[in-house]
Amino acid sequence: MNIFETSYTEYLTAKKSGLRREAMTALNTFLAACGNVDTASKRQIVKDFFTNQSAEDIENAFSFPLNSQLLFPVLAEWCAENPAQSWIWRSWAYLARFREYLTAAQCDTFAIAENAPLDDLPCRKALCRALELDPADHLARKMYIESLLETLQLLLHDKSAGDDSATPLIPDETNKLTEQLAQLPDIPEKTQLTERLQRMMGKI
């Protein structure tokens with residue numbers, strides 16, 4: 001079952017055009033069809049979704065029905081098998097990052113202890129696993145850098161608000177960012193990510 005030969009393409013086109021009713025009709029048809037195929041076919045659909053589209057198209061396609069009814073169940077079962085493919089863990093990180101499209105119970109999967117180390121953040125753990133499996137996965141590395149930047153931004157905000165507990169964490173985050181940026185290939189986004197870090201470092 002090729003995802004791009006199904007009503008998924010109709011969903012994507014309608015969603016991009018702002019045709020909400022048509023998009024939901026096409027998505028419901030697509031999800032119903034996915035419910036009638038075996039596990040291997042569902043996994044291939046999810047693989048096509050995450051590996052044969054741009055990051056922008058992936059994020060634009062996200063919705064509560066798609067993520068909660070198809071993407072999360074398939075990837076949760078798959079990740080439980082500790083797969084050796086980096087794209088699976090990179091995809092899992094997407095779901096951890098966009099939890100607004102999941103049920104409350106599904107969100108609980110990504111819950112961590114209040115004072116857990118930053119490296120225990122679910123999105124980070126998944127991306128680190130992806131990079132362990134494939135250090136050349138520049139998409140996972142870019143997402144990891146974006147996650148580090150978001151955390152650094154929060155730490156700097158907390159520091160400026162008088163939270164002294166944030167201060168000791170900042171050097172480690174900046175060191176990780178410098179290291180990860182050095183390993184990122186010269187993709188178009190590298191300059192923008194580097195400039196974001198430089199602006200933040202100017203506030204330290």
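Predicted model: local features only at pLDDT ≥ 70, side-chain atom pairs only at ≥ 80, totals over all residues.
Just after α1, the residue G18 takes a positive phi of about 75°.

Side chains of opposite charge can pair when their charged atoms come close. In this model the count comes to 14 salt bridges, and the table sets out some of them.

| Pair | N to O distance |
|---|---|
| E81 and R43 | 2.8 Å |
| D119 and R124 | 3.0 Å |
| E146 and K142 | 3.0 Å |

The side chains of E81 and R43 meet in a salt bridge that links distant parts of the chain, with E81 in the loop between α5 and α6 (86–97) and R43 in helix α3, 38 residues apart.

In the salt bridge between D119 and R124, D119 is partly exposed, with a relative accessible area of 37%, whereas R124 is buried, with a relative accessible area of 0%. Both residues also belong to a network of salt bridges in which D119, R124, D172, E173 and K176 are linked.

The salt bridge between E146 and K142 lies within helix α9 (residues 138–160), where the two residues are separated by about one helical turn because they are 4 residues apart. E146 is buried, and K142 is buried too.

How values were computed:
Residues numbered from 1 in each chain as written. Heavy atoms only, no water. Salt bridge = Lys/Arg side-chain N within 4 Å of Asp/Glu carboxyl O. Buried < 20%, exposed > 50% of the residue type's maximum accessible area, 1.4 Å probe, protein only.
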